[in-house]
Amino acid sequence: MSYIVYLGQHSFPQGNTIFDDQKVSQSHHDLLATLSYSGRPEEEQPEIFYSYNRVVNGFAAILDEQQAEQLKNHPGVQSVMLNRKYELHTTHSWEFLGLENNNGAATKKSIWKKAKYGEDVIIANFDTGVWPESESFNDEGTGPVPSRWKGFCQSEGGVRCNRKLIGARYFYKGLNAAIGPNKTKLSARDTDGHGSHTLSTAGGSFAPRASIFGYGNGTAKGGSPKARVAAYKVCWPAGCYGADILAAFDAALSDGVDVISLSLGGAGEIDYSIDTIAIGALTAIRRGISVVASAGNDGPDAFTASNVAPWFFTVGASTMDRVFISFVILGNNKHLRGTSLSDKALPAGKSYPLIFAADAKAANATTANATLCGPGTLDPSKVAGKIIVCLRGGNIARLDKGIEAARAGAVGMILANDQSSGNELIADPHLLPASQINYTDGLLVIAYINSTKNATASISPVLTELGVKPAPEIAAFSSRGPNSIDPEILKPDITAPGVNVLAAYSEVASPSESISDKRRTAFAIISGTSMSCPHVSGIVGLLKSQHPDWSPAAIKSAIMTTATTRANDGKPILDADGKTATPFAYGAGHYNISFIRSFGNASYTCPEHFSESTFNYPSITVPKLTGSTTVTRRVKNVGSPGTYNVHVLAPSGTTVVVEPESLSFTKPGEEKMYKVTFKPAVNSTEHKEYVFGQLLWSDRKHKVRSPLVVKHM
């Protein structure tokens, strides 16, 4: 089996020589030479396929279980990890999202300018590579590559870098060790679109006339549009493996990046000490490099969030106020609001027979599978010439349902949400005219079909609509807390746009991921926490550019404590099922760039010693409240002098006392401490589940918010 042996960080400064690298690599071989081999033949001896010798100290090797156990007990070894498989955090059908290229430009423009659009920052993306020819990576008006940059561009596959895209590298040996030789051409080029999409969302250049099939037309730009970007390809069609991800961390930290964007994770509930991504991220944080990561797409179930270590900036996904509308018009004249990105449309005003997929099942298919429009489940003699209603879910990609409908001869498809998807509507580039509708409207359609022998419907062409309310809403797929490893740490930390995001794409991949789809687009709309993660990475880049002395903890705190918990209609952010969302869905709230203007120059350094109850995190979680529990927090003034008074919204059944109730700052950089004491109220026996509240500090000009999460025992 393949393992990763972690020995910590190197003691020598960054910029070590080739001689140093060779010495480190030799030390790794010397360590293996101390193992006992039980007289095995030479061809079965341990084999190192990665020697991490730049920033990370360790190696990846083929070992047997006995050798792995010996290494775990070696005094110089900190951790021995399996070379695990990780996954990308997009939803199953390449759910297309749209960058905020049509909304909010006036309020955000001054912030971008103040931070010089992030031009002093280098953002790294660990993903599937990059499409370097994309307009999002043009270097027009970009100055020389920063002299501190030590990376390079691997040119296989015709990849060429410039002053914008300053690095492109690939890592594959971990995949080879886990499953055998990689059959994909070795290149940093992106062949599926995911890497280009995420990298351009974080730091893409201004790209005019961006759209998919003419929808969402506007100028696309990343969160830090003037930042330099670098692609580290660690994911291949066969997966993303830990040994390759750690090799990318070692390279990126040595190359000189400022922000690392990780739209991947999901290796299961494992301890931080054996989670390769967590260890790589901690190495980065120790060197002052922010690491932003996706929370995962396993919602809406609880305890599903991934990348939950405290040092990650973990991001959930929510909607935007831009939607792509396609109405379903039933024969009884009911108009149902749906969404789509179909590039084909039915004739205006023409209706077609309407059939429920369960009534169109093939002879060898089950009703349950036919209802979901699974592959090969529909009978063409029953479907041809009709609009078919398919149910969402069943681990079948939404686009695959449309492909099955088209195979069976349907002229159009209505994709009805299942109950868990609720009101979440995700626009997809279907191969036939189609519209996705919410759960409630889906019930109406089925009731209509059952009420008449001659049900008919039509589907309207797609229209782009802006200013939709309420927005944001939490995506149903977005993974939720509580934190399954450390309940005292609230995850995700924040939410950001992750539904229907428009960004750069690979021009050798189809927007539907289907081999039969011959369409190609320079930009595409995708959904997932893969898409929300780079939104925050871009904002981190802006803050890093404006405040280069801020630590990753300070940047995360600045964004979390100024996030909003209300939608654009002034009401609390909703979940996909229409209920009020909780911090387990949105963390501290939805990122709010307009507050960045309130921060001044200051730095923050995490304490070396702390307990979980006093860990200086922007949110406060008490997962086992039985009696009186007191936590402390230390805050630093990064703005003008002022006096902040606290307002407490106590969780239900909980008494919350803050001491002191007022914090006065006379100068920038001044620090203050406060205590928060939680006690069960008289009626706390009624509250055995998690309950939520908040602390709000305000000087009447600025607001600093911390979520409160409590569970009574």
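Helix axes here are lines fitted to C-alpha atoms over the stretch in contact, with angles taken between N-to-C directions. On that basis, in this predicted model, helix α5 (residues 194-203) and helix α12 (residues 529-546) have axes that come within 7 Å and cross at roughly 30 degrees. With angles under 35 degrees counted as roughly parallel, α5 therefore runs roughly parallel to α12. The crossing itself is right-handed. On the α5 side, the contact is made by His194, His197, Thr198, Thr201 and Ala202, which meet Ser530, Met531, Pro534, His535, Ser537 and Gly538 of α12. Sorted by class, that contact holds three nonpolar and eight polar residues, and no charged ones.

Turning to the aromatic rings, a search of the whole structure turns up 14 pairs. Take Tyr272 and Trp311: their ring centres sit 5.4 Å apart with the planes at 65 degrees, so this pair is edge-to-face. It bridges distant parts of the chain, 39 residues apart, with Tyr272 in the loop between β14 (264-265) and α7 (276-286) and Trp311 in the loop between β15 (290-294) and β16 (313-318). Tyr272 is buried at 14% relative accessible area, while Trp311, at 22%, counts as partly exposed.

Phe584 and Phe692 make another edge-to-face pair, 5.2 Å centre to centre and with 85 degrees between the planes. Phe584 belongs to helix α14 (residues 583-586) and Phe692 to strand β34 (residues 690-698), so the pair ties together parts 108 residues apart in sequence. Phe584 is buried, with 9% relative accessibility, whereas Phe692 is partly exposed at 26%. Elsewhere, ring pairs join Phe126, Phe171, Tyr232 and Phe249 into a cluster.

Notes:
Residues are numbered from 1 along each chain as its sequence is written. This is a predicted model: local features need pLDDT of at least 70, side-chain atom pairs count only at pLDDT 80 or more; totals for chains, interfaces and linings use all residues. Side-chain values use heavy atoms; hydrogens and water are left out. Axes are lines fitted to C-alpha atoms, for helices over the stretch in contact, and angles run from 0 to 180 degrees between N-to-C directions. Helices (H or I, at least four residues) and strands (E, at least two) are DSSP runs, numbered from the N terminus. Angles under 35 degrees count as roughly parallel, over 145 as roughly antiparallel, 65 to 115 as roughly perpendicular and the rest as oblique. A crossing is left-handed if the near helix is turned anticlockwise from the far one by less than a right angle, and right-handed if clockwise. Contact means heavy atoms within 4.5 Å. Ala, Val, Leu, Ile, Met, Phe, Trp, Tyr, Cys and Pro count as nonpolar, Asp, Glu, Lys and Arg as charged, and the others, Gly among them, as polar. Rings of Phe, Tyr and Trp (its six-membered ring) pair if their centres lie within 6.5 Å; planes under 30 degrees apart count as stacked, over 60 as edge-to-face and the rest as tilted. Buried means under 20% relative accessible area, exposed over 50%, partly exposed in between (1.4 Å probe, protein chains only).
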